[in-house]
Amino acid sequence: MMHMTFYWSRQVTLLFTSWRTDSWLSYALTLLACVLASAFYQYLEHVRYRVRRGGNPAEGTAGEPLLLRQKGPGAGNRGKWSTAKIIGGVLFGLSSALGYLLMLAIMSFNGGVFLAIVLGLTVGFLAFRTEEDDEIAGVNSTCACA
């Protein structure tokens, strides 16, 4: 039976019918896997932004995409299928797939799984993400909204 409200139990089926917890140990390992997967999601996003950045992020203007700031030989030779674009695309696909799996895990409506994923995202954000990543993503962290 699928729960439609949050519940607190060590018995949860996560993503696959074969991934069921029936003991506190299996539940704790599942929660640990959720924390690690969500922290890894933040790491993938950070790596993707670094690939997108390409060159020295201090060069250029704030409104210009950082990948376009790279100077030097071959800087203008970024075609439709450049190495950076392909790697960025693969990283985007992996990040998206993992993000959707995390969303589906939260939709198990188990309170522990929800908290583990939020904890992992928070830890991953603090460990891996930088203000430069937010700049690339278009997040204005210096907004003085009044």
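**A nonpolar patch and the helices**

A: L15, F16, Y100, L101, M103, L104 and M107 make up a nonpolar surface patch. Together they have about 670 Å² of accessible area (Shrake-Rupley, 1.4 Å probe, with only the protein chains shown as cover for residues). Patch members have over 30% relative accessible area and no salt bridge; nonpolar side chains (Val, Leu, Ile, Met, Phe, Trp, Tyr) are joined within 5 Å, like charges within 9 Å.

This is a predicted model: local features need pLDDT of at least 70, side-chain atom pairs count only at pLDDT 80 or more, and totals for chains, interfaces and linings use all residues. Residues are numbered from 1 along each chain as its sequence is written, and side-chain values use heavy atoms, with hydrogens and water left out.

Take Y100 from the patch. Y100 sits in helix α2, residues 83-106 (helices are DSSP runs of H or I, at least four residues, numbered from the N terminus). Its relative accessible area is 56%, so Y100 counts as exposed (over 50%; buried is under 20%, partly exposed in between; 1.4 Å probe, protein chains only).

UniProt, in an unreviewed entry, places "transmembrane region" at residues 24-44, 86-106 and 112-128. Such annotations may be inferred rather than shown by experiment. In the model, residues 86-106 are 100% helix and 0% strand, with end C-alpha atoms 30 Å apart. Residues 24-44 are also 100% helix and 0% strand. Their end C-alpha atoms lie 30 Å apart.

Now helix α1, residues 24-53. Its 30 residues should span 44 Å at 1.5 Å a residue, and its end C-alpha atoms are 43 Å apart, so the two values agree (expected span: 1.5 Å times one less than the number of residues). G54 follows α1, with a positive phi near 70 degrees.

Helix α1 holds both R48 and E45, three residues apart, about one turn. Their side chains meet in a salt bridge, 3.0 Å from N to O (a Lys or Arg side-chain nitrogen within 4 Å of an Asp or Glu carboxyl oxygen). The whole structure has one salt bridge. R48 and E45 are both buried.

Last, T21, in the segment before α1. T21 has 5% relative accessibility, so it counts as buried. Leaving out residues up to four places away in sequence, T21 touches R10, Q11, V12, S26, Y27 and T30 (heavy atoms within 4.5 Å). S9 is twelve residues from T21 along the chain, and their C-alpha atoms are 9.7 Å apart.

Technical notes: Helices (H or I, at least four residues) and strands (E, at least two) are DSSP runs, numbered from the N terminus.
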